[in-house]
Amino acid sequence: MLRFILQAVVTALGLWLAAWLVPGVEFLSTGSLIAAAVLLGLVNGFVRPVLVFVTFPLTLITFGLFLLVVNAATIGIVASLLGGFVVDGLWAGVGAAVVTGVVSWIAGSIISDDRRPKRD
């Protein structure tokens, strides 16, 4: 549970930064930012694996770049479910996916994961 909360905080930070940097990504309130982060975690846990599986051939052909579109689609799904979160088009979604991905990558490199085997 603590890991999910930590991931939601990192995702909220990434979404906030995306709203600040990417034109077309907006939040109407802090509550909608928090709700979007939690909902994005749930969508990434349940819907994204299905999308990745279905689009696997296209992902192979594009050498993995199509995963940006899949990530943008998950952000778009969250935006369509929440009234206080706006993503204006595909490119805004791709920009938000890149920003949140980079923030998650940086946070993952800083925060240790006890489940990973330690390197000698």
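User: Is Phe63 buried or exposed in this model?
Analyst: In this predicted model, Phe63 is found in the loop between helix H4 (56–61) and H5, and its phi is near 55°, a positive value in a residue other than glycine. The relative accessible area of Phe63 is 78%, and since the cut-off for this class is over 50%, Phe63 counts as exposed.

User: Is Ala96 buried or exposed?
Analyst: Ala96 lies in helix H6, and its C-alpha atom is separated by 7.7 Å from that of Ile75, a residue 21 positions away along the chain. The relative accessibility of Ala96 is 0%, and because a value under 20% is the limit for that class, Ala96 counts as buried.

User: What distance separates the C-alpha atoms of Val99 and Leu21?
Analyst: Val99 is found in helix H6, and with 13% relative accessibility it counts as buried. Although Val99 and Leu21 are 78 residues apart along the chain, their C-alpha atoms are separated by 8.4 Å.

User: Which element gives the most residues to the nonpolar patch on the surface?
Analyst: The patch is formed by Met1, Phe4, Ile5, Val9, Ile34, Val38, Leu42, Phe46 and Val47, which together have about 870 Å² of accessible area. The elements that give two or more residues to this patch are helix H1 (2–21) and helix H2 (30–46). With four residues, the element that gives the most is H2.

User: Which accessibility class does Val47 fall into?
Analyst: Val47 is one of the residues that form the nonpolar patch, and its place is in the loop between H2 and helix H3 (48–54). Its relative accessibility is 33%, and because buried requires under 20% and exposed over 50%, Val47 counts as partly exposed.

User: How much space lies in the largest pocket?
Analyst: The largest pocket is lined by 18 residues, of which Gln7, Thr11, Leu40, Asn44 and Ser104 lie nearest its centre. The elements that give two or more residues to this lining are H1, H2, helix H5 (66–81) and helix H6 (90–110). The space in the largest pocket comes to about 340 Å³.

User: How many residues in the lining of the largest pocket are polar?
Analyst: When the residues of the lining are divided by kind, six are nonpolar and two are charged. The remaining group in that division, the polar residues, numbers ten.

How values were computed. Residues numbered from 1 in each chain as written. Predicted model: local features only at pLDDT ≥ 70, side-chain atom pairs only at ≥ 80, totals over all residues. Heavy atoms only, no water. Patch = residues over 30% accessible without salt bridge, like charges linked within 9 Å, V, L, I, M, F, W, Y side chains within 5 Å. Areas by Shrake-Rupley, 256 points an atom, 1.4 Å probe, with all protein chains shown as cover. Salt bridge = Lys/Arg side-chain N within 4 Å of Asp/Glu carboxyl O. Buried < 20%, exposed > 50% of the residue type's maximum accessible area, 1.4 Å probe, protein only. 1 Å grid on protein atoms, 1.4 Å probe; cavity = no way out; pocket = protein on both sides within 12 Å on 5 of 7 lines; lining within 4 Å. Points joined across faces, edges and corners; volume = space filled by probe spheres on them. Nonpolar A, V, L, I, M, F, W, Y, C, P; charged D, E, K, R; others polar.
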